[in-house]
Amino acid sequence: MHLFTQDQMGHKPGNRNYEQDIVFITKHNKWLLKSIGIWPSVLKGAARFLPKIIIGIFTLALCFAIIPCILYIVFEERDSVMKLKLTGLLSFTVSCLFKYWFLSVQKPKIEDCIEQVQIDWKQVEFPNDRELMLKYGQVGRNLTIFCSVFMCSGEIFYSLILPYAIGTFIDEHNRTIKPVIYPTYSVLFDVQTSPIYEIVYTVHVICGYVSSSITAGTYGLAALFVTHACGQIDIVVSHLSDLIHNEHIKKTSILNRRFKQIIEHHLRILRFSAAVNFMLREICLVELVCSTCNICLLEYYCLTDWKESNTIGLTTYTMLLISLTFNIFILCYIGDLLIEKTSSMGQTCFMLDWYNLPGKTIQGLVLIIAMSGSPAKITAGSIADLSLSTFVNVLKTSVAYLNFLRATVT
């Protein structure tokens, strides 16, 4: 297997298959984010404006669904339970719009992080390093697939199956009412007339796709970058172990140069993790707050439809509840994984046979151990750290809100 080559200077190996490896770990993220204009791409001529046009069109589509829905809830809907159901749909769509804006603003940062991932894959030095990166790359890829499947299944149930199950009906004014995904304010336009109904329904379906793609794409980016950082940390640990157990390195002047490279590699990981946190912190704050509220509302919808023996509604809201709960769990799991990996770096260094190294090199290890005392994190607006304990708090808070809703809504 000739996976690795040396450059013209003769000592810096590189991964010949890095392009295939990058495609393997980024393929699903690229599909999702490129379709909504977020994934960085090299376009020339007039085509370079295409991502901005896509973002503008999808933003208008989301606003087209959100604004009439707000007006309908405020001025037309009288049933308090139905208002709550529409509020959940509205809050999810509004949160997706905010996340879309934040992703658009952070697009240069996303491009920088993707470029760093590509550089790390291109500069892989040893086959064992590539295996570690593929191991974590597979984890990030699987998490992205799971999030996409859950989001798409929930969206299909809500946007296609539920309206089809409801079907058309005759209202008290003897008018045929066809179901829509987002209710609209009747003063603006009559959604029940053709072809307005077909146009509105198509736009609503597009909004559902954009919303699910934004959410799944955000989780996919977090999974891609965090698992990449975790793989790089394992590579640093592997190189430190090689310093201790490789007699050829210990008996030559290569030791200091190799140790310097390890320290630089570790610092590069910490800078990369900080950049990922800076890029995602506003998005994670929106996601954390809205997920807490929406999980609470979905729990309430499930209880309401269960009491009313509404099988279709109960199935749909259960799917959405499972999807949303699973996705926020994945986000918190990713954050917890990064904290655990970066904080365990110091303990891992200490457990190595460091006493077999020269004294000056041992002093350098102290820096790595000290830096692991402040682990890298993914935060929600620099307010809360994303971890498994945060996920538990989200569930507890949603149940508390649920009890409040049940006590106040009649």
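Cysteines, rings and a surface patch

A: A search of the whole structure finds zero disulfides, a disulfide being a pair of cysteine sulfur atoms within 2.5 Å. The model is a predicted one, where local features need pLDDT of at least 70 and side-chain atom pairs count only at pLDDT 80 or more, while totals for chains, interfaces and linings use all residues. Residues are numbered from 1 along each chain as its sequence is written, and side-chain values use heavy atoms, with hydrogens and water left out.

Q: Changing topic, how many aromatic pairs does the structure hold?
A: The structure holds eight aromatic pairs. Rings of Phe, Tyr and Trp (its six-membered ring) pair if their centres lie within 6.5 Å; planes under 30 degrees apart count as stacked, over 60 as edge-to-face and the rest as tilted. One of the pairs is Phe329 with Tyr333, which is stacked, with 6.3 Å centre to centre and 25 degrees between the planes.

Q: Where do Phe329 and Tyr333 lie?
A: Both are in helix α9 (residues 311–351), four residues apart, or about one turn of the helix. Helices are DSSP runs (H or I, at least four residues), numbered from the N terminus.

Q: What kind of pair do Phe329 and Phe391 form?
A: That pair is edge-to-face, because the ring centres are 5.2 Å apart and the planes are at 70 degrees. Phe329 lies in helix α9 and Phe391 in helix α11 (residues 388–408), so the pair ties together parts that are 62 residues apart in sequence. Ring pairs link Phe329, Tyr333 and Phe391 into a cluster.

Q: Is Phe391 buried or exposed?
A: Phe391 counts as buried, with 12% relative accessibility, whereas Phe329 is partly exposed at 30%.

Q: Lastly, where is Phe49?
A: Phe49 is in the loop between α1 (18–35) and α2 (50–75). Its relative accessibility is 40%, so Phe49 counts as partly exposed.

Conventions. Helices (H or I, at least four residues) and strands (E, at least two) are DSSP runs, numbered from the N terminus. Buried means under 20% relative accessible area, exposed over 50%, partly exposed in between (1.4 Å probe, protein chains only).
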